[in-house]
Amino acid sequence: MHLVRAVYYARNAIRKRDLAFSAEAKSIMAAIRRNNAAASLTGALVFNEHYFAQVIEGDRYQVSRTLWRIGEDRRQEDMVIVAVDSVTRRRFADWAMGYAGQSDELAGLYLRFGIVVGFDPARMTAESLTGLIAAMVEMDSARQLAGSLADASDARAPLGQGDKRPSPAGFAPGPAY
Amino acid sequence: MLLYRYVFYSENSGLPGGRAGAEQVKDILLACSRNTLASGLSGALVFNERYFVQIMEGDRALASRTILSVVSDPRHRNAVLVRAYPVGERRFLGWTVGYAGHTEAIDALYMRHGVMAGLDPTRMNAESIENLVADLVEVKSPFIVRKKGIGSEPAPPAGRPEIQGEVIRVRAAMPLKPPAGAV
């Protein structure tokens with residue numbers, strides 16, 4: 001057993017294939033969630049209309065199986081694997097997902113980790129991309145801990161299955177297992 | 001464009017018709033000659049009857065696409081990407097394909113980098129795999145065939161005579177069966 005952390009991004013081809021954005025995104029989330037829970041994988045997926053980017057942590061064989069499966073998913077096109085590295089501990093305790101939209105807080109994160117005020121993984125190093133995804137997850141957990149979910153009105157609807165309420169960045173914490 | 005190195009292995013599920021060893025080297029070389037140098041990818045592939053171990057260097061987007069196509073090849077099963085990381089410099093300047101058999105010198109390399117005298121990437125970490133492959137490609141053996149030099153020659157069109165000749169020479173140098181005692 002070798003614990004690794006993998007990071008990839010891919011083009012969001014849902015629209016290109018004339019599929020319903022929200023339904024397909026939900027189906028991708030549900031599949032990842034099922035797979036990751038069964039294979040003890042943790043991490044986070046963020047996406048917008050242009051890109052998917054995901055951090056996956058776990059046994060290197062399981063992580064690879066997941067990467068190859070995603071590589072065959074026509075909704076996630078031109079996958080670029082930006083990192084696979086051995087790690088001694090996980091950075092993500094469970095699995096989360098979120099929409100990389102626009103808000104003052106997210107703009108601050110995009111600038112902190114990248115060169116544009118937007119989600120553009122193709123122009124990021126593995127370290128920056130992992131950092132951005134982790135910060136988005138942390139930002140959201142912090143908000144939830146603070147109970148400040150009241151201003152969720154201008155946020156996207158959450159895409160997670162079975163999530164009770166929207167969170168400001170569209171993040172939905174994964175199931176604890 | 002970012003220079004990356006990818007280290008991965010897979011199980012060798014053999015070829016249709018059950019060919020292995022020298023015949024497989026030839027097939028792989030043919031496939032690799034259609035590949036790579038002009039595209040900016042370099043690396044090495046070593047294999048035995050059980051495993052393929054591959055290192056690929058080049059632009060991360062192009063290498064990712066190539067790896068996804070390699071692992072979807074039915075000859076590769078249960079592929080595992082062991083490491084993917086940016087590098088400042090290539091370690092493999094051409095393309096080398098080699099059969100990871102057994103000689104005294106090669107067994108010493110397995111032992112230097114691993115826990116047993118044979119090619120078993122499942123029991124090795126990324127660094128050991130990379131170092132083993134780097135050492136193996138330097139071994140002088142008819143089973144290990146190099147195509148040197150990125151950009152030193154223009155991209156040959158498919159079927160160019162020199163390429164055919166190269167493959168035929170390789171074939172002539174190959175015993176039809178792996179040496180006695182091969183894994």
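This is a predicted model: local features need pLDDT of at least 70, side-chain atom pairs count only at pLDDT 80 or more; totals for chains, interfaces and linings use all residues.
Local features are described only where pLDDT is at least 70 and side-chain atom pairs count only at pLDDT 80 or more, while totals for chains, interfaces and linings use all residues. Residues are numbered from 1 along each chain as its sequence is written, and chains are lettered from A and ligands numbered from 1 in the order in which they are written.

**View 1. Chain A meets chain B.** Here 15 residues of chain A are in contact with 14 residues of chain B; two residues are in contact if their C-beta atoms, placed from the backbone, lie within 7 Å. Helix H2 (60-71) and strand E4 (76-86) of chain A each give two or more residues to this side of chain A. The biggest share comes from E4(A), with eight residues. Sorted by class, the chain A side has nine nonpolar, four polar and two charged residues. Nonpolar means Ala, Val, Leu, Ile, Met, Phe, Trp, Tyr, Cys and Pro; charged means Asp, Glu, Lys and Arg; the others, Gly among them, are polar. Helices (H or I, at least four residues) and strands (E, at least two) are DSSP runs, numbered from the N terminus.

**View 2. Strand E3 of chain A and its partners.** Look for strand E3 (residues 51-59) of chain A, which is largely enclosed by the rest of the structure because seven of its nine residues are buried. Buried means that 20 or more other C-beta atoms, placed from the backbone, lie within 10 Å of a residue's own. Strand E1 (residues 3-12) of chain A runs antiparallel to E3(A), joined by nine bridges; one of the pairs is Leu3(A) with Asp59(A). Strand E2 (residues 42-47) of chain A is also antiparallel to E3(A), with six bridges, and Ala44(A) stands opposite Val55(A). E2(A) and E3(A) make a hairpin with three residues between them.

**View 3. Two helices cross in chain B.** The axes (lines fitted to C-alpha atoms over the stretch in contact) of helix H3 (residues 104-113) and helix H4 (residues 126-136) of chain B come within 9 Å and cross at roughly 160°. The two helices are therefore roughly antiparallel, a term for angles over 145 degrees. Ile106(B), Leu109(B) and His113(B) of H3(B) meet H4(B) residues including Leu132(B) and Asp135(B).

Notes. A residue is buried if 20 or more other C-beta atoms lie within 10 Å of its own, exposed if 12 or fewer, and partly exposed in between; C-beta atoms are placed from the backbone. Two strands pair if DSSP finds at least two bridges between them. Axes are lines fitted to C-alpha atoms, for helices over the stretch in contact, and angles run from 0 to 180 degrees between N-to-C directions. Angles under 35 degrees count as roughly parallel, over 145 as roughly antiparallel, 65 to 115 as roughly perpendicular and the rest as oblique.
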